[in-house]
Amino acid sequence: MRSSRQQMPTANAEQVEEIEQFDAIIIGAGVTGLYALYRLRELGLSVQAFEDGGGVGGTWYWNRYPGCRFDSESYTYGYSFSEELLQEWDWKELYSGQPENERYLNYVADKFDLRRHIRFNSRVVSAVFNEDENLWQVELEDGHRARGQFLITAIGILSAGYIPNFEGLDSFKGDWCHTGRWPAEGMELAGKRAGVIGTGATGVQLITEIAKEVGHLTVFQRTANYCAPLRNRPIDPETQRKIKANYPEIFKKCNETAGSFVHDFDRRSAMSVSPEERLEQYERLWTEPGFKKWLSNFYDVMMPGEANEDYAEFVRNKIRERVKDPVVAEKLVPKDHMFGSKRLPCESGYYEVYNQDNVLLVDVREAPIECITPNGLKTTDAEYELDVIIFATGYDAVTGSLNKIDIHGVGGQTLKDKFAKGPRTYMGISSAGFPNLFTINAASVGNFVRACEPLVDWVSEAVCYVRDHGYTRISATPEAEAEWTAHVSEAGAKILRTQANSWFVGANIPGKARVLLTSPDTAPVMRAKRAEVAANGYEGFLLQ
Ligand code: N01
């Protein structure tokens, strides 16, 4: 199908602006956007993607900070839609780093000739639904406009970077940046006095790497994290051969697990076996790479309760063993949240960093940050002189990136207002009063590509259903949306992810409503639910 151009009168009656019109507009050319573009184009739709960055990759384009890499096994992260792609691409490491991940996504864009449908350096600032024509009109920062029947926000869960509102940042004489906007040319760190604020998964990766080159490093930690060894290694040719021969089984396994990872829980309760057997399993898994120690453990380790605390204490002791100074070690031991209530940061020598003479750990819960000064950072206790400040302070998750776009639905209502107390959607995908808008960034968690592929497939099929059945609009019914929102709240209250103050529930952003921002259900449950909805003629959706 071809795109078309419409002549639209502008404020100046003399001028006529041509606005290109597409079947679908996708915002974002990261992992999800690229696949949505490929899939919809293959289905015969005219598609245009707008991407804020200068290249493809989304998360893997922006997060160029040292140490950035997968925590999912590389070979479980790639797209599964093309056998040829699977066989052509060699993942070089078990947990591949950002440069390689970005190269992979560029390879995909080139192989499937996706680039010609993407306009780069194009930030979408607004999207307005035209009720008479059933079209979304998007406007970019540079004034460019485009129209599309369907609008897909593939803008990521964690893409709106959060920098706390510290007084004095403008006065700082050194360099600073947020990890999610790490300059492509890098930061000058060698020999410098660097300060890092934040010790989440990003901070843990970054700190471990830059500690190797900075002159002095001060880490400002508010909450200690449970971190586990990543145990990354190169993929040897024999393993590569086995991986390529086993992709169907690998993806089948991923599809069966809660978070679409290749690891599955031990069906036994930790408390049902002897203390010796329990410890043997903990120790054995600890020597394994990646999330195995988290997601292949006794099932009740991932539930609030005795087993969770038992394993948490095991991990705390692992931290204590690695840090020489017991006072510093105790600061690094998490005591205020349950193991697994945040995504487990995987590390490659993080704790040993604190044994270096040139590294200082500052507990900013004991002495909060007061302000940034021209020469560094001041807590209630002391001033720290710094040449560089790095904000590893996370993201305004899910709704943050949506709120950056002024989205107006039926009757002019804005999505920002509607989501002020948390997302109100059906299955994370669609919101009543916002026809033909698919907020797919609000619907996938876990092993990202495994989760986003089936989601994009579902959305693409829904789009075809609307068109093939002579409808012009699809959106959640208010009833289905209310029921889903209540379900997220009720079922969410019982799971580990809502128990800590993290981005999962918006608790990391001052003033943000505390609501689970993603689905409380497992990936297989969500896929089954979506399939049932489609099989029942898109039950819970209003088709017009
Ligand atoms: O962000 P975070 P992240 N004063 O929100 C601190 C994924 N990821 O970018 O915990 C002082 O987890 C904050 O402190 P506290 C992964 O899903 C994946 O690290 O709020 N400190 C915390 O320490 C992850 O969950 C990979 O008390 C302040 C840190 O900043 C998600 O991204 C790698 C502060 C923010 O941690 C987000 O991780 C990296 C303040 N005012 C990330 N405000 C992979 O391996 C915030 N902090 C694939």
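Which of the 26 residues around the ligand come nearest? Let's keep that question in mind as we look at this model together, which is a predicted one.

Here is the answer: Thr-199, Thr-202, Arg-222, Thr-223 and Trp-503 come nearest. What kinds of residues make up the shell around the ligand? There are 12 nonpolar residues, eight polar ones and six charged ones. If you look for the element that gives the most to this shell, find helix H6, residues 201-210, which supplies three residues.

Now let's zoom in on some atoms. Arg-222 has an N or O atom in its side chain that sits 2.8 Å from an oxygen atom of the ligand. With Ala-201 it is the backbone that takes part: one of its N or O atoms lies 3.1 Å from a ligand oxygen. Gly-200 also uses a backbone N or O atom, this one 3.5 Å from an oxygen atom of the ligand. And how much of the ligand does the protein bury? On its own the ligand exposes 910 Å², and the protein buries 88% of that.

Let's move on to a sheet. This one is open, has five strands, and pairs them in parallel in the order E8-E17-E9-E10-E13. At the edges you'll find strand E8 (175-178) and strand E13 (359-363), each pairing on one side only. From one strand to the next, the twist averages 15 degrees.

Strand E9, residues 193-197, runs parallel to strand E17, residues 388-391, and four bridges join the two.

Terms used: Residues numbered from 1 in each chain as written. Predicted model: local features only at pLDDT ≥ 70, side-chain atom pairs only at ≥ 80, totals over all residues. Heavy atoms only, no water. Pairing = 2+ DSSP bridges. Axes fitted to C-alpha atoms, helices over the stretch in contact; angles between N-to-C directions. Near = heavy atom within 4 Å. Polar contact = N/O pair within 3.5 Å; in protein donor to acceptor, adjacent residues only side chain to side chain. Areas by Shrake-Rupley, 256 points an atom, 1.4 Å probe, with all protein chains shown as cover. Nonpolar A, V, L, I, M, F, W, Y, C, P; charged D, E, K, R; others polar.
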